[in-house]
Amino acid sequence: MAALSMDKKIGLILSGGGARAAYQVGVLKAISEIIPRQARSPFSIICGTSAGAINAVTLAVNAGNFRQGVQYLLSFWKHAQVDHIYRADPVGVFSNTSRWIAGLILSSMGSNKLNRVSLLDNAPLVDLLNETLPCDKIQDSIESGHLHALSITASGYTSEQSVTFFQGVKGIHPWQRARRLGIPARIEARHLQASSAIPFLFPAVRINREYFGDGSMRQIAPVSSALHLGACRVLVIGVGQSVNEQSKRRRSYEYPSLAQIAGHAMNSIFLDSLELDLERLRRINHTVSMLSEDKRRDINLQHVDVLVIQPSESIEKIAQRYAGNLPWAIRFLLRLVGAMRRSGANLVSYLLFDKAFCRALIDLGYQDAMRRREEILLLLDTRVEIPEGKLQQ
């Protein structure tokens, strides 16, 4: 196959969503089977947020062999356990929760004892990222020409801005827009820790002179990072059903539980901004389609091909089937806020790092992508470069 033209860079957007990010791996698995076995990554620009940032860095490190990168992700997510991400033992759960409650009380009295205290202890995730992700190899992928740029987005608690840290080829300029900016950086494990620091649940992470939290917060334009980095085609892998596929509005006269409110807030953080940004992009594309080439150049607008793959089934309902697999200490904690009831399954789906649940999401992602095979091939233009010395299998 011929090499993909370098002026037709394809961006990959991997959004956040805690354990829901396993769905992305199923989609990536399907793509790895659609393209030649030894092909390099068809995505020269990779953008990750929250748990999607972990998937993004894995692909960036293995940009020279896309299938190998996907296999690493499959190995991780198919064997996922809660204690790989946060402490789930009774001592860890209750001591951390006790400190969190005490911190809230002391903070209300003017103390700063809440510093670095969170509801859950994600020390296992920190150790895992430091031990297993060779971030130093990102630059190798860039210098070899397999990767144009990688970006990781986090949210600054002091500046209240969505900050996209990017590492890429020379010539990529920083950007600044309302409430968001892009700055060059050498991507490290701490950027992933910051991007995946779900508010209240995981502690904030300091980068330079500011503390950062989950990148999905205040990320009002998730697709824009790929465009700033030079993408003209974009594949977006979401982790929530599209508005059209969601069930009809249900009436309820019961007061919402704390877990239901928290799940609603999680959806607002992780899902809503992506839907709004995609709607905005489609409107811009429609406007551009009605303009002449001269007008497009005058206003500096170009059509962006975008393909969105999202779950065809409710991840919330899938989580209900596997919620019982959580360690008993976590189940007890979640039961206190009503998360173990059906109305709280939304919150559970973000924390359910369980291999059975993750495998179900991987399978769903795989099936959804295979049903969109022709659209994927059209976006990729079916032209993928195979490194020299590698035979197509």
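Predicted model: local features only at pLDDT ≥ 70, side-chain atom pairs only at ≥ 80, totals over all residues.
Residues are numbered from 1 along each chain as its sequence is written, and side-chain values use heavy atoms, with hydrogens and water left out.

The protein contains 16 helices and ten strands, assigned as DSSP runs (H or I of at least four residues for helices, E of at least two for strands) and numbered from the N terminus. Of its 393 residues, 53% are buried; here buried means under 20% relative accessible area, exposed over 50%, and partly exposed in between (1.4 Å probe, protein chains only). The accessible surface amounts to about 18,900 Å², with 51% belonging to carbon and sulfur atoms, as computed by the Shrake-Rupley method with a 1.4 Å probe.

Turning to the interior, a nonpolar core is a set of buried Ala, Val, Leu, Ile, Met, Phe, Trp, Tyr and Cys residues joined through side-chain atoms within 4.5 Å. The largest such core has 93 residues, and Val 57, Tyr 86 and Leu 150 touch the most other members. Another core, of 18 residues, lies apart from it and includes Phe 166, Ala 231, Leu 281 and Val 304. Beyond its sequence neighbours up to four places away, Tyr 86 touches residues including Leu 120, Phe 202, Ile 330 and Phe 353.

Helix H1 (residues 22-34) spans 19 Å from its first C-alpha to its last, close to the 18 Å expected for its 13 residues at 1.5 Å a residue; the expected span is 1.5 Å times one less than the number of residues. Eleven of those 13 residues are buried, so H1 is largely enclosed by the rest of the structure. Val 25, one of the buried residues of H1, is touched by Leu 74, which also touches Lys 29 and Ile 362. Leu 74 belongs to helix H3 (residues 66-78) and is itself buried, at 6% relative accessible area.

On the outside, Trp 328, Phe 332 and Leu 336 form a nonpolar surface patch with about 350 Å² of accessible area together. Phe 332 sits in helix H13 (residues 328-336) and is partly exposed at 38%.

Seven salt bridges are present, each a side-chain nitrogen of Lys or Arg within 4 Å of a carboxyl oxygen of Asp or Glu. One of them pairs Glu 160 with Arg 179, whose closest N and O atoms are 3.6 Å apart. Glu 160 lies in the loop between E3 and E4 and Arg 179 in the loop between E5 (175-177) and E6 (180-184), so the pair ties together parts 19 residues apart in sequence. Glu 160 also has a positive phi of about 60° although it is not a glycine. Most residues other than glycine have a negative phi.

Other bridges lie within helices. Arg 283 and Glu 279 meet at 2.8 Å, N to O, and both lie in helix H10 (residues 258-289), four residues apart. Asp 368 and Arg 371 have their closest N and O atoms 2.4 Å apart and are three residues apart in helix H15 (residues 355-371), about one helical turn. Asp 368 is buried at 5%, whereas Arg 371 is exposed at 57%.

Methods
Patch = residues over 30% accessible without salt bridge, like charges linked within 9 Å, V, L, I, M, F, W, Y side chains within 5 Å. Contact = heavy atoms within 4.5 Å.
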